[in-house]
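The tour goes from ring to ring, then turns to confidence.

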Amino acid sequence: MAELPMGKGVSAGKIASSVQKKITRAQEKVLQKLGKADETKDLAFEEGVINFNKQLVEGSTLQKDLRAYLAAVKAMHESSKHLYECLDDMYESDWYGRKEVDSLLEDSDLLWTDFHQKLVDHALISMDTYLGQFPDIKSRIAKRDRKLVDYDSARHNYAAVNKGKKKEGIKVTKPASLLERAAPGWAQGILSAHNVAQTSLSRSQAEEELERAQKVFEEINIDLQEELPSLWNSRVGFYVNTFQSVAGLEEKFHREMGKINQNLNDTLEKLENQDITLCCSDRTQDANHTLSPGGPPAIPKSPSKAATPNISVTSPTQATWDDDGSQPVCAPAAYSTWDDDVSQPVQGNDNDSTQQAQGWDDDGAQVQISQSKLTGAELCYIEVTAQATTESTESVEMPESFLFKVKAMHDYNANDSDELELKAGDVVLVVSYENPDEEDEGWLVGVKESDWIQHKAQGKKGVFPENFTQRM
């Protein structure tokens, strides 16, 4: 049989005493299970232990899930960081908002780091502290169980000694052994007195052991009777504080992250708009150079109000088809020009498959520009501009018969009461004629946008020359 280890401060007597206690407890539990000995019961305490174990399981599960949540936050931080680093690498130095993007990405990284750290400080550390008290209480509950067994054993031993005393009291008057019988008369009294003393000593020891076991048990039991209900009731406040902390930190994090994302989105939109503007500006300059190489156009003359049959007033952007009829292309509006005597406008033939726009060169010679000579970017620019104008007009309340917007490129002095006075830069809302028979070629009818916004239907409506304006 292997010897028990003898460490510092451990004597053979202590080891023997510990072994003896374990044996005694084991015997007591066997007797209790067999019904040979009664067992002290405390139903209220047992219910407290059940609640304690349930609370420990719930707290451990919460701690585990909270740690998993923090690990997910950290992983999301890393993923977000890598994603935005990719954007940062692709974002060229001469693009709009380069510094703003760098600042926003740095703010995003700091916000993730702060969110994770505050979750650790206000939730995880609090969770660890809360669960830190359970191991000690669990150990004390186990110790109470052992001391209760010792107390029951001491109680049963004391009862057995008292029971044996009554039986021994009958035998005191008789010799208890052959030694007493063989001893002379004067010695028998001494032997009887010795036996009585031994019995009293055993009874005194049993009583002392009972008192000591009861005291140790009650000290532990009283403390646990107070702590277990208090610990059970504390769970409500702790769970509330924990989830409020997590929810509050999440709400603040997403609010601040939403601002960062909105600013990043705005910056990217401005970059996109700037890129489209620059692209279309370059294409427009090329188109203007092709249409009027001699420089900026001169102020046009107002057309005659005499109606010219079979000539349309306006020609909006159309979609035509290429030679094989398989693909649509953008077609610009027909441009109205005037002959030498400024008496009648002429216009390209709509039936011509290569729709043309007419104008004048520097020395007055008439020139024609074929649609087929316009680049795809120029045609796309015309279509994008028309689409943007349509979208902008749809977002504002317009007159009932609204068609489109135009912008005055030159001043126009009204000659009749039914005409509009225009200043360069005025925006006019073009509407359809109330009576188509009153429609004059080269003239549009509408109301200034400023008058419409201020007076609505009471704003002045009148006609004006189309060639003084440019469609928006």
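Start with the aromatic rings: this predicted model holds 11 aromatic pairs.

Select Tyr 151 and Phe 217. Their rings form a stacked pair, with 5.8 Å from centre to centre and 5° between the planes. Now colour by helix. Tyr 151 belongs to helix H4 (residues 134–171) and Phe 217 to helix H6 (residues 185–291), so this pair ties together parts that lie 66 residues apart in sequence. Are the two residues, Tyr 151 and Phe 217, buried or exposed? Both are buried.

The charged end of Arg 155 sits over the ring of Tyr 151, at 6.0 Å from the ring centre.

Next, select Phe 45 and Arg 144. Here Arg 144 lies over the face of Phe 45, 3.5 Å from the centre of the ring.

Move on to a group of rings. Select Phe 52, Tyr 130, Phe 134, Phe 238 and Tyr 239. Ring pairs link these residues into a cluster.

Finally, colour by pLDDT. The mean for the protein is 75, and 62% of the residues reach 70 or more. Select residues 169–176: pLDDT is below 50 here, and the stretch has six contacts in the model beyond near neighbours in sequence. Then select residues 289–296. Their pLDDT is also below 50, with four contacts beyond near neighbours in sequence. Where pLDDT is low, predicted coordinates should not be read in detail.

Note on methods
Residues are numbered from 1 along each chain as its sequence is written. This is a predicted model: local features need pLDDT of at least 70, side-chain atom pairs count only at pLDDT 80 or more; totals for chains, interfaces and linings use all residues. Side-chain values use heavy atoms; hydrogens and water are left out. Rings of Phe, Tyr and Trp (its six-membered ring) pair if their centres lie within 6.5 Å; planes under 30 degrees apart count as stacked, over 60 as edge-to-face and the rest as tilted. Helices (H or I, at least four residues) and strands (E, at least two) are DSSP runs, numbered from the N terminus. Buried means under 20% relative accessible area, exposed over 50%, partly exposed in between (1.4 Å probe, protein chains only). A charge sits over a ring if NZ of Lys or CZ of Arg is within 6 Å of the ring centre and within 35 degrees of the ring normal. pLDDT is the predictor's confidence in each residue, from 0 to 100. Contact means heavy atoms within 4.5 Å.
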